[in-house]
Amino acid sequence: MRVRYHTLEAESDEEDAMDESLPAMNRRRSNDNYDLRKVPSLQASPISGEDNVAGPSTPQHRHETHPDNEPPPYRLYRRRYIGLAQLVLLNIVISWDWLTFAAISTTSASYFAVSESAINWLSTGFQFAFLPMAPLVIYTLNKRGSKHSILVASALVLAGNWIRYASTRATDPQGHGNFPLVMLGQLLIGFAQPFVLAAPTRYSNLWFSDRGRVSATALASLANPFGAALGQLIGPLWATSEAGIPKMVLYTSLLSAAATLPAPFIPRAPPTPPSAIAASEKLDLREALREVPRNRAFWLLFVAFSVYVGFFNAVSSLLNQIFSPYGFSETDAGIAGGLLILVGLIAAALVSPFVDRTKKYVLTIKILVPLIASSYFILIFIPATRSVVGIYVICAMLGAASFSLLPCALEYLVVVTHPVSPEITSTICWSGGQLLGAVFIVIMTALRGGWTGEPEGSMGRALVFQAVVA
């Protein structure tokens, strides 16, 4: 027998915490540090209301005894949305920073007096910067938690953005920007990215129930490509010529600085776990790193995840160079990039709640992967049609399938690798995606040029390479 406490609370305007289907597992160690002292007498009916932030209410408590085989208590807290909003903001601005110059690659190359290939390295270097930080990210999320990871990212974003702005003011006698300085700022922001890109699964596992984790992961993870969409759409409007680039970088720096301000004030962890999977003890870091390589399901997901994230990053970075040889303007490419992401977000908003409710991870993955591969195949032929509608439609299709897959794959990783803490597998998978994204950009840039009859600078061979691998 064990003692269990019932908490009688004022009625909440939100849905009560749900009963959980997954049993808590006896494992060696938990890294989530729920502070039971913050709740005077917990806990514990399987269904308990959320904390009432609209006004104070004094709960009454009573003791009861129950058999040991009854499920432990789980509770949701409204404050979970504060940290989720901060993750969303940081992922938006970091991804916006990533494609600041890619959306206007021709204008940027002229302003910094470098080639378009050098401008590509601003995106490529950003992705490579993920890799050396991955071990530190795993350690930070595993040992210190999501809040510490967010604080590190915020500091790097602040420094990187203002260094980039300084590069637009430290001009040479001809008025060209300082390219090494802008590369330094870009790398610092690249160092920040893994601290928030790998955090959503950890954060949703820590704060959200089984019926909310996929949606929470989707919201935080897909904020990253949403920021890329904003960069694709707004950058060409702010920098219509070389003279507009300093203004564009300044506005981006101000928005990025504003997005970092809430970071010190987000809560560290909930007082009590929201679900069985959160309450169960996780393997410690060393044991987890020994366990993951032996998990066949993890490797199957890792390969597909890395390839498709890599190609999505490559296409996002090279979109202007894919379409411009066929007469499309930077604005056309920017709109196509925006549709790639915005339509994807809408599709993910529809698919993620379905996966949350049904848990049909495998079925969803089996449907979406062939759709993504087919979209890359069709993309080979679309630029040559010189149809604006065509490039808009194929980008929308590719975005819808890719974005719907992302949160489903990340949450399925948590399921198939449990009791490994989720930040470990998500960081490894994101590292693979960033590495392949950078490699694909280099390869596709080297393959620039088409066959006889295609315009100069065509990316035809690069698109064939992409379709074959996908």
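## Exercises on burial, packing and backbone

Arg386 has a relative accessibility of 48% and therefore counts as partly exposed (buried is under 20% relative accessible area, exposed over 50%, and partly exposed lies in between, with a 1.4 Å probe and protein chains only). The model is predicted, so local features need pLDDT of at least 70 and side-chain atom pairs count only at pLDDT 80 or more, while totals for chains, interfaces and linings use all residues. Residues are numbered from 1 along each chain as its sequence is written, and side-chain values use heavy atoms, with hydrogens and water left out.

**Exercise 1.** Place Arg386 in the chain and describe its phi.

*Solution.* 
1. Arg386 sits in the loop between α15 (382-385) and α16 (helices are DSSP runs of H or I with at least four residues, numbered from the N terminus).
2. Its phi is near 55°, which is positive in a residue other than glycine.
3. Most residues other than glycine have a negative phi.

**Exercise 2.** Determine how α2 is enclosed, what its buried residues pack against and what follows the helix.

*Solution.* 
1. Of the eight residues of α2, six are buried, so the rest of the structure largely encloses this helix.
2. The buried residues of α2 are Ser105, Thr107, Ser108, Ala109, Tyr111 and Phe112.
3. They pack against α3, α5, α6, α9 (245-260), α12 and α13.
4. Ala113 comes after α2 and has a positive phi, near 60°. Its place is the loop between α2 (105-112) and α3.
5. Tyr111 and Phe112 also belong to one aromatic cluster, together with Phe101 and Phe179.

**Exercise 3.** Which geometry do the pairs Trp98 with Phe126 and Phe298 with Trp299 adopt?

*Solution.* 
1. A pair of aromatic rings is described by the distance of the centres and the angle of the planes.
2. Rings of Phe, Tyr and Trp (its six-membered ring) pair if their centres lie within 6.5 Å; planes under 30 degrees apart are stacked, over 60 edge-to-face, and the rest tilted. By this rule there are 21 aromatic pairs.
3. For Trp98 and Phe126 the ring centres are 6.2 Å apart and the planes meet at 20°, so this pair is stacked.
4. The pair links distant parts of the chain, with Trp98 in helix α1 and Phe126 in helix α3, 28 residues apart. Trp98 is buried at 4% relative accessibility, and Phe126 is buried at 1%.
5. Phe298 and Trp299 form an edge-to-face pair, with 5.2 Å from centre to centre and 70° between the planes. Phe298 is buried at 0%, whereas Trp299 is partly exposed at 38%.

**Exercise 4.** Describe the largest cavity and the composition of its lining.

*Solution.* 
1. The structure holds three cavities of 30 Å³ or more (a cavity is a set of points on a 1 Å grid over the protein atoms alone where a 1.4 Å probe fits but cannot get out; lining residues have an atom within 4 Å of a point).
2. The largest cavity has a volume of about 350 Å³, volume being the space filled by probe spheres set on points joined across faces, edges and corners.
3. There are 26 lining residues, and the closest to the centre of this cavity are Tyr308, Val309, Phe312, Ser402 and Leu406.
4. Elements giving two or more residues to the lining include α12 (296-323), α16 (388-417) and α17. The most comes from α12, with seven residues.
5. The lining holds 19 nonpolar, seven polar and no charged residues (Ala, Val, Leu, Ile, Met, Phe, Trp, Tyr, Cys and Pro are nonpolar, Asp, Glu, Lys and Arg charged, and the others, Gly among them, polar).

**Exercise 5.** Compare the span of α17 with the expected value and state its burial.

*Solution.* 
1. Helix α17 (residues 422-446) has 25 residues and reaches 36 Å from its first C-alpha to its last.
2. This is close to the 36 Å expected at 1.5 Å a residue (the expected span is 1.5 Å times one less than the number of residues).
3. In α17, 18 of the 25 residues are buried, so the helix is largely enclosed by the rest of the structure.

Notes: On a 1 Å grid over the protein atoms alone, a cavity is a set of points where a 1.4 Å probe fits but cannot get out, and a pocket is an open set with protein on both sides within 12 Å along at least five of seven lines; lining residues have an atom within 4 Å of a point. Contact means heavy atoms within 4.5 Å.
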